[in-house]
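Me: I would like to go through this model with you, starting with how its terms are set. Could you take my questions in turn?

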Amino acid sequence: MKKIHDAAIMPARIIVGLLLLLNGIIAGCATTRTSIKILPDETSEASAGGRKLQNIRVLLVANSKRVTMNAAQEVKMYDMRTKQISDRGILNTDFQILARDGRLVLGGKFSAASVVRFVPSAGDFLGVNGKRYRGQIEVAVNSGGGGLQVINYLPLESYVAGVVPNEVSPAWPEEALKVQAIAARTFALYKMSGRSQMAYDLDDSVSSQVYGGVDSERPSTTAAVKATTSVVAMYTGKFIAAFYHSNCGGRTANVREVWGGDMDYLNGVECGFCDQAPHARWNGELSGEDLRRKLQKSVAGLKAVTGLDLKDRDASARVKTVVVRHPGGAEEMKGPVFRMLVGPDFIRSTRFTVVPRGASWEFTGQGWGHGVGLCQEGALGMAQNGYNYRDILRHYYPGIELRNWP
């Protein structure tokens with residue numbers, strides 16, 4: 001992230017430029033109709049019965065007091081209440097946006113607009129906190145009034161190009177990259193279909209899909225996105241919940257055992273292609289005090305952990321229930337809950353065993369991730385063995401159809 005500059009120490013020419021921008025000196029800019037189309041949020045289509053789902057809304061910042069923006073060419077600012085230009089200018093240095101007293105502060109001056117859309121010149125990108133993004137950026141004070149919410153509006157295919165290289169290695173075979181492109185596109189459409197009245201569709205983190213914008217794109221992954229443009233996975237005419245994970249440890253999990261629900265294409269399948277992959281096996285040791293501290297978030301008054309019983313396992317050998325024994329009794333919790341409490345990067349999957357080692361606990365397991373849906377390293381193994389992207393997707397999501405959409 002670039003250093004944030006205070007307006008008081010900016011060179012005079014930059015101060016003048018910002019004043020011109022903020023005061024709307026360009027004749028008629030506050031009332032001129034839009035000359036560049038604003039990407040729609042599609043809420044009007046949603047209220048009329050369905051979204052077009054061509055543009056996606058990605059949350060970049062949820063609640064921050066300050067963000068910086070920049071662009072190489074002229075940027076137009078739209079007041080989203082009126083859909084008209086409020087200001088324009090070249091942001092040739094980091095441009096500060098603040099949340100103060102429930103209002104937007106743009107470059108040191110309060111804005112009359114409560115929601116502002118930044119639209120770059122054709123072919124240019126917008127920088128937010130040091131990262132460049134395609135499409136448009138909308139900034140608003142969040143509903144709590146305390147911080148900024150920043151959302152990237154962009155075409156779906158551009159979004160997918162910014163996801164694939166962050167979820168798998170760009171050095172993987174072409175067929176494996178195509179698999180990831182279709183899974184990422186389908187997952188996005190699945191989420192978009194149910195969020196028409198929400199402020200955004202997904203965020204840019206592991207809780208949705210990791211999205212890194214322009215600078216994370218790579219030629220190989222972009223080529224895979226283009227080669228599969230509009231290809232999606234569907235089941236009974238609907239976008240599938242195209243969940244994926246790093247390594248299944250030998251068999252994917254049934255979604256019912258992990259999160260509940262019943263989806264035939266997520267019932268779990270044998271893998272056999274990820275056994276020699278980097279994340280196939282793991283182990284780690286945790287002190288008793290560290291374990292106690294992590295589990296006390298769920299077990300009130302936990303003084304010490306005296307025992308850990310792995311009560312039962314599902315068909316994929318994943319732990320369903322963990323019994324935490326302590327001086328005050330015993331506490332049962334679901335395997336996925338236990339994993340999240342201890343840390344998903346330490347207990348990499350619920351396919352694990354645990355043994356006491358003096359004052360510590362040793363965990364050993366197979367796979368990495370929740371285990372539902374596509375095994376990414378399994379897809380890699382299948383591609384290396386000559387399977388194409390259609391074969392791979394139909395293996396991990398049995399019963400699906402691959403279609404061009406829309």
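Reply: Buried means under 20% relative accessible area, exposed means over 50%, and partly exposed lies in between, with a 1.4 Å probe and protein chains only. This is a predicted model, in which local features need pLDDT of at least 70 and side-chain atom pairs count only at pLDDT 80 or more, while totals for chains, interfaces and linings use all residues. Residues are numbered from 1 along each chain as its sequence is written, and side-chain values use heavy atoms, with hydrogens and water left out.

Me: Is Trp259 buried, partly exposed or exposed?

Reply: Trp259 is partly exposed, its relative accessible area being 47%.

Me: How many aromatic pairs are there?

Reply: The count comes to 11 aromatic pairs. Rings of Phe, Tyr and Trp (its six-membered ring) pair if their centres lie within 6.5 Å; planes under 30 degrees apart are stacked, over 60 edge-to-face, and the rest tilted. One of the pairs is Tyr235 with Tyr265, tilted, at 5.3 Å centre to centre and 55° between the planes.

Me: Which parts does the pair of Tyr235 and Tyr265 tie together?

Reply: Tyr235 lies in strand S14 (residues 231-235) and Tyr265 in the loop between helix H6 (255-258) and strand S17 (281-287), so the pair ties together parts that are 30 residues apart in sequence. Helices (H or I, at least four residues) and strands (E, at least two) are DSSP runs numbered from the N terminus. Tyr265 is buried at 7% relative accessible area, whereas Tyr235 is partly exposed at 23%.

Me: What does Phe243 form with Trp259?

Reply: Phe243 and Trp259 form a tilted aromatic pair, 4.8 Å centre to centre with 50° between the planes. Phe243 is in the loop between strand S15 (238-239) and strand S16 (244-245), and Trp259 is in the loop between H6 and S17, 16 residues apart. Phe243 is buried, with a relative accessible area of 18%.

Me: Moving on to Arg185: where is it, and why does it count as buried?

Reply: Arg185 is placed in helix H4 (residues 174-193). It counts as buried because its relative accessibility is 1%.

Me: What does the side chain of Arg185 make a polar contact with?

Reply: The partner is the side chain of Glu157, at 2.8 Å. A polar contact is a pair of N or O atoms within 3.5 Å; within protein, one must be able to donate a hydrogen and the other to accept it, and residues adjacent in sequence count only if both atoms are side-chain atoms. Beyond residues up to four places away in sequence, Arg185 also touches others, including Leu156, Val160 and Val225; contact means heavy atoms within 4.5 Å.

Me: And the largest nonpolar core: how many residues has it?

Reply: The largest nonpolar core has 84 residues, and Ile97, Phe118, Ile137, Tyr159 and Tyr397 have the most contacts inside it. H4 gives the most to this core, with 11 residues. A nonpolar core is a set of buried Ala, Val, Leu, Ile, Met, Phe, Trp, Tyr and Cys residues joined through side-chain atoms within 4.5 Å.

Me: Now the backbone. Which residues does a cis peptide bond join?

Reply: Trp405 and Pro406 are joined by a cis peptide bond, with omega about 0°. Pro406 is in the segment after strand S24 (401-404).

Me: What is phi of Asp101 near?

Reply: Phi of Asp101 is near 55°, a positive value in a residue other than glycine. Most residues other than glycine have a negative phi. Asp101 counts as exposed, at 71% relative accessibility.
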